[in-house]
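Take a look at the model below. This report walks through a few of its parts, one at a time.

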Amino acid sequence: MTTPSDVGLGCYLYGIVAADLVVPTDLKGVDDQVVSLIPYGDVAAVTSLLDTERTLAGREDLLAHSRVLDALAALGPVIPVRFGSVLENRDAVMAELLEPSHDRFHAMLEDLAGHSQFTVRARYDERQILSEVVAENPEIAQLREATREQPDDSSYGERVRLGELVARALERKSAEDGQTLLAELERHAAAVNIRESAGLDRLLDVALLIEDSRRAEFEQAVEELAEAFAGRAQLKLVGPTAPYDFVEAEE
């Protein structure tokens, strides 16, 4: 049986968990390797074997990393480690990672206990929201009509002006609707992290740390918001996942 002390094999790191967490025996990570724990005190590193010459860059590797962390997050608190982190062997994991940071990891896991991360992504129906913008802004409606049949060259200035007006109107509308969504979601969250989003259909992309005891009411609130915005925007709920947005990735 191979061990991390074998030549060319290192310990690939996924995260930090409580030492008493029971890892499913069929949980596999990068390169389809079995996932196991390296304990130190009451914390443990989640690892699997990896060829130290192996380059980690593919989508499948990142998905495997996330899959392991999300599976563990369903069982208990987990501190995600930066994708692609590899240490030489078990002794290095304990000496370089777990021993010097044991107390900090313990405190972080205590803070995360009983919580899960969820992400809500809201995107406008582009056709519907543009229709609203035109209906609510006479100048946009007039410019749109005036440039509809004109050649691009002869109406360049008007088209630029039209684009600027539409962009500003969409920014105001998304700020107002986004705040409506956020105000309701924040009521159910222990912590919130708003992410940057782009595109005409952008509305809100937010990560939320939810207490397990409030998960049902949070999911109900998301359903009610989805119904309230039906026809104008779509809401997507992702989770529970590891708390990527609420802990510092370990280097």
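What follows covers a sheet, a cavity, some backbone angles and a few single residues. The model is predicted.

**The sheet**

Strands of a sheet pair through backbone hydrogen bonds, either parallel or antiparallel. Which sense applies here? The pairing is antiparallel, in an open sheet of four strands. Their order is β7-β8-β6-β9. The edge strands are β7 (191-194) and β9 (233-241), and each of them pairs on one side only. From one strand to the next, the twist averages 20 degrees.

Now zoom in on one pair. Strand β8 covers residues 202-211, and four antiparallel bridges link β8 with β7. Within this pair, A191 stands opposite L209 of β8. A helix also packs on the sheet: α5, residues 156-186. Helix α5 touches β6 (115-124), β7, β8 and β9. The direction of α5 makes about 10 degrees with that of β8.

**The cavity**

How many cavities of 30 Å³ or more are there? The count comes to one. The largest cavity holds about 60 Å³ of space. Its lining includes A73, G76, P77, V78 and L112. H115, S116 and Q117 also line the largest cavity, as do L209, T241 and P243. Which element gives the most to the lining? That is β6, with three residues. By type, the lining divides into six nonpolar residues, five polar and no charged.

**Backbone angles**

Most residues other than glycine have a negative phi, and most peptide bonds are trans. Some places in this model depart from that pattern.

Start with the peptide bond between G239 and P240. This bond is cis, with omega at about 0 degrees.

Next come two residues in a loop. D31 is not a glycine, yet its phi is positive, at about 60 degrees. D32 is not a glycine either, and its phi is also positive, at about 60 degrees. D31 sits in the loop between β1 (9-18) and β2 (36-40). D32 has its place in the loop between β1 and β2 too.

| Residue | Relative accessible area | Class |
|---|---|---|
| E132 | 12% | buried |
| T147 | 3% | buried |
| D31 | 38% | partly exposed |
| D32 | 54% | exposed |

Why does E132 count as buried? Its relative accessible area is 12%, and buried means under 20%. D32 is exposed because its 54% is over the 50% cut-off. D31, at 38%, falls in between, so D31 counts as partly exposed.

E132 lies in helix α3, residues 126-136. Which residues does E132 contact, leaving aside neighbours within four places in sequence? They are K173 and R232.

T147 belongs to helix α4, residues 138-147. Leaving aside neighbours within four places in sequence, T147 is in contact with S155, E158, R159 and L162. How far is T147 from S66? The two are 81 residues apart in sequence and 48 Å apart in space, C-alpha to C-alpha.

Definitions and conventions. Residues are numbered from 1 along each chain as its sequence is written. This is a predicted model: local features need pLDDT of at least 70, side-chain atom pairs count only at pLDDT 80 or more; totals for chains, interfaces and linings use all residues. Side-chain values use heavy atoms; hydrogens and water are left out. Buried means under 20% relative accessible area, exposed over 50%, partly exposed in between (1.4 Å probe, protein chains only). Contact means heavy atoms within 4.5 Å. Two strands pair if DSSP finds at least two bridges between them. Axes are lines fitted to C-alpha atoms, for helices over the stretch in contact, and angles run from 0 to 180 degrees between N-to-C directions. On a 1 Å grid over the protein atoms alone, a cavity is a set of points where a 1.4 Å probe fits but cannot get out, and a pocket is an open set with protein on both sides within 12 Å along at least five of seven lines; lining residues have an atom within 4 Å of a point. Grid points are joined across faces, edges and corners, and a volume is the space filled by probe spheres set on the points. Ala, Val, Leu, Ile, Met, Phe, Trp, Tyr, Cys and Pro count as nonpolar, Asp, Glu, Lys and Arg as charged, and the others, Gly among them, as polar.
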